[in-house]
Amino acid sequence: MDNYVIKTENLTKKYHGQIAVDNINLHVPKGKIYALLGRNGAGKTTTMKMLLNLLRPSAGKVILFGEKDSGFGKRNYHRIGSMIEAPAFYENLTAKENLEILARLRGRHRQDTIENALFVVNLDWKSKKLFREYSLGMKQRLGLAAAIMHEPELLILDEPMNGLDPIGICETRKYLLQLCREKGTTILISSHVLNEIEQLADVIGVIHKGALLEETNLQELYRHRRNYAEFEVSEVNKAALILERMFSISDYAIMGGNKIRLYEKIDKRAAINSSFVKEGIAVEKVSVSAGKLEEYFTELVGGEGIG
Ligand code: ATP
């Protein structure tokens, strides 16, 4: 058996003849956080639903927990926790009551699991508040509690940070990292918030218009990418001389369109800018490279950002 908790082989979904997921081969390694990144409508939710057997693929195969143990049989329910789209619960029950029903359905229920799960997501297990009175963020927290309360080996979370406030986002991120690092939980998470994923994922898969464009280890990606500052100036050669002579910068590159990129002393860009101007160079624009992941994503999907 290889070390992938999720593998797919040419997984495909068509809705009314229209392709939504196109021959996807996913490889989600055991004990890692894998982020499925894509713009709205890219096919993330459809893919996750097929992994969970909530949707039947038009073609291809899902392999969970290794070849021999493939398929999403009943025996695997307790090994998986998931949150797909807006979590659905009974409107007229409290958080604790809703989780009790779920726990009974799953058939594995320790007395303290519900309280622990609610504690982790910062919801009061004694609260009498009904689900219908919950805010969007509270609903999302309860969805997460339902996904984690049975301590699954695999978590599949569709945009779990949606609707959470900044503190909730930070807490959830810390908790997911802890689950993965300390308990070895494998986590597949979808998102279109790049800086969130930058702080969380080990591996990313970029999905665009239904196709999986690339799977990459985030550390590897960073090793090959460097930050830079870019000046758009009236005279690039003169600007290069100033960089060398006045700032002792040798790690720069002259780009097309009167742009010059420097890879060192980026923090000196204000001083560099005023020196250019003093020497009679018009500076049209100064920019610092966007997040590395954002650049990577934009290049991959052909210039379209993720927003
Ligand atoms: P978002 O980030 O907006 O949730 P997503 O990446 O999860 O997007 P999906 O919801 O998987 O994308 O949608 C992929 C494509 O499939 C879209 O073009 C969408 O319109 C289409 N689609 C999704 N569900 C259905 C459905 N039930 N019937 C028909 N088309 C659908």
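Six strands make up an open sheet in the order β6-β7-β8-β4-β9-β10, with mixed pairing; strands here are DSSP E runs of at least two residues and helices H or I runs of at least four, numbered from the N terminus, and two strands pair if DSSP finds at least two bridges between them. Its edges are β6 (80-83) and β10 (211-217), each pairing on one side only. This is a predicted model, where local features need pLDDT of at least 70, side-chain atom pairs count only at pLDDT 80 or more, and totals for chains, interfaces and linings use all residues. Residues are numbered from 1 along each chain as its sequence is written, and side-chain values use heavy atoms, leaving out hydrogens and water.

Now to the rings. Y228 and Y263 form an edge-to-face aromatic pair, 5.9 Å centre to centre with 70 degrees between the planes (pairs need centres within 6.5 Å; planes under 30 degrees apart are stacked, over 60 edge-to-face, the rest tilted). The two tyrosines are 35 residues apart in the chain. Y228 is buried, at 11% relative accessible area, while Y263 is partly exposed at 22% (buried is under 20%, exposed over 50%, partly exposed in between, with a 1.4 Å probe and protein chains only).

| Arginine | Ring | Distance to ring centre |
|---|---|---|
| R79 | F65 | 3.8 Å |
| R261 | Y228 | 3.9 Å |

How values were computed
Phe/Tyr/Trp six-rings, centres within 6.5 Å; stacked < 30°, edge-to-face > 60°. Lys NZ or Arg CZ within 6 Å of the ring centre and 35° of its normal.
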